[in-house]
Amino acid sequence: MKKTLMTLGLGVAMTLPTLSFADNYVIDTNGAHASVNFKVPHLGYSFIKGRFNDFSGQFSYDPENVTESTVEVVVDTTSLDSNHAERDKHLRSGDFINASKFSTATFKSTSVEQNADGSLTVNGDLTLHGKTNPIAINANFVGAGNDPWGGYRAGFEGTTRLELADYDIAVMGPSSYVDLELHVEGVKQ
């Protein structure tokens, strides 16, 4: 009887879904501990760098089971800031990202992979300018630990390249892409 119960218990345990012990974090945008930055070639001569000042998001992360991690971010495209008011007005216009019509961009992860070198690949769907396409973000875990305010934080950095044509965004000159650089620090909930 005891052997039958143990066998039954083991069988039930093997059929249950794997439990995730990922911690949930809210991205700390209030303290400027996170940023969504961009770099775009300018006429083939140099680069314009900027950022989106307003965004929010959350992620879950379990260092013991990275593949169970998730990320969701919402960016206010009207907050585009390249440190030049007239250029920002033009970039937000219908000539480019049309922020008045498409005021948000969203990213939702579909999978997270841990690479042999310890880096991460965060796959997901980016919706920008009314178009949704899969993208891959090359990411690295920066660190985690207690903060001075009694909380616990985890941080990551990542990069990805977007082809503007994939989102029906006009190209000026020979530049066809934008590079995104992401810095994410989250506060454990």
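Aspartate 23 is partly exposed, with a relative accessible area of 27% (partly exposed lies between buried, under 20%, and exposed, over 50%, with a 1.4 Å probe and protein chains only). The model is predicted, so local features need pLDDT of at least 70 and side-chain atom pairs count only at pLDDT 80 or more, while totals for chains, interfaces and linings use all residues. Residues are numbered from 1 along each chain as its sequence is written, and side-chain values use heavy atoms, with hydrogens and water left out.

Aspartate 23 takes part in a salt bridge with lysine 188, at 3.6 Å from N to O. A salt bridge here is a side-chain nitrogen of Lys or Arg within 4 Å of a carboxyl oxygen of Asp or Glu. This pair links distant parts of the chain: aspartate 23 sits in strand 1 (residues 23–27) and lysine 188 in strand 11, 165 residues apart. Lysine 188 is partly exposed, at 35% relative accessibility.

The protein chain has two helices and eleven strands. Both kinds of element are DSSP runs, numbered from the N terminus: helices are H or I with at least four residues, strands E with at least two. Their order from the N terminus is α-β-β-β-β-β-β-α-β-β-β-β-β. The chain holds 189 residues, and 34% of them count as buried. Its accessible surface comes to about 11,400 Å², of which 54% belongs to carbon and sulfur atoms. Such areas come from the Shrake-Rupley method with a 1.4 Å probe; for residues, only the protein chains shown count as cover. A contact means heavy atoms within 4.5 Å. Among contacts with a separation of 6 or more, 52% join residues 24 or more positions apart.

Strand 7 (residues 104–114) runs antiparallel to strand 5 (residues 70–76), with five bridges between them. Strands pair if DSSP finds at least two bridges between them. In this pairing, glutamate 72 stands opposite lysine 108 of strand 7. Strand 7 also runs antiparallel to strand 8 (residues 120–128), and eight bridges join the two. Valine 112 has valine 122 in strand 8 as its bridge partner. Strands 7 and 8 form a hairpin with five residues between them. In the turn, glycine 118 has a positive phi of about 95°.

Aromatic pairs come next. A pair of aromatic rings is described by the distance of the centres and the angle of the planes. Rings of Phe, Tyr and Trp (its six-membered ring) pair if their centres lie within 6.5 Å; planes under 30 degrees apart count as stacked, over 60 as edge-to-face and the rest as tilted. The whole structure contains six aromatic pairs. Phenylalanine 38 and phenylalanine 52 form a tilted pair, 5.7 Å centre to centre with 55° between the planes. Phenylalanine 38 belongs to strand 2 and phenylalanine 52 to strand 3, so the pair ties together parts 14 residues apart in sequence. Phenylalanine 38 is buried at 7% relative accessibility. Phenylalanine 52 is buried too, at 13%.

Tyrosine 61 and phenylalanine 156 form an edge-to-face pair, with 4.9 Å between centres and 80° between planes. Tyrosine 61 is in strand 4 (residues 55–61) and phenylalanine 156 in strand 10 (residues 152–163), so this pair ties together parts 95 residues apart in sequence. Tyrosine 61 is buried at 10% relative accessibility, and phenylalanine 156 at 13%.

Leucine 182 lies in strand 11 (residues 177–188). Its relative accessible area is 16%, so leucine 182 counts as buried.

The salt bridges number seven. Arginine 153 and glutamate 185 meet in one of them, at 2.7 Å from N to O. Arginine 153 lies in strand 10 and glutamate 185 in strand 11, so the pair ties together parts 32 residues apart in sequence. Arginine 153 is buried, with a relative accessible area of 14%, whereas glutamate 185 is partly exposed at 23%. Salt bridges with shared partners join these two residues, Asp28 and Asp147 into one network.
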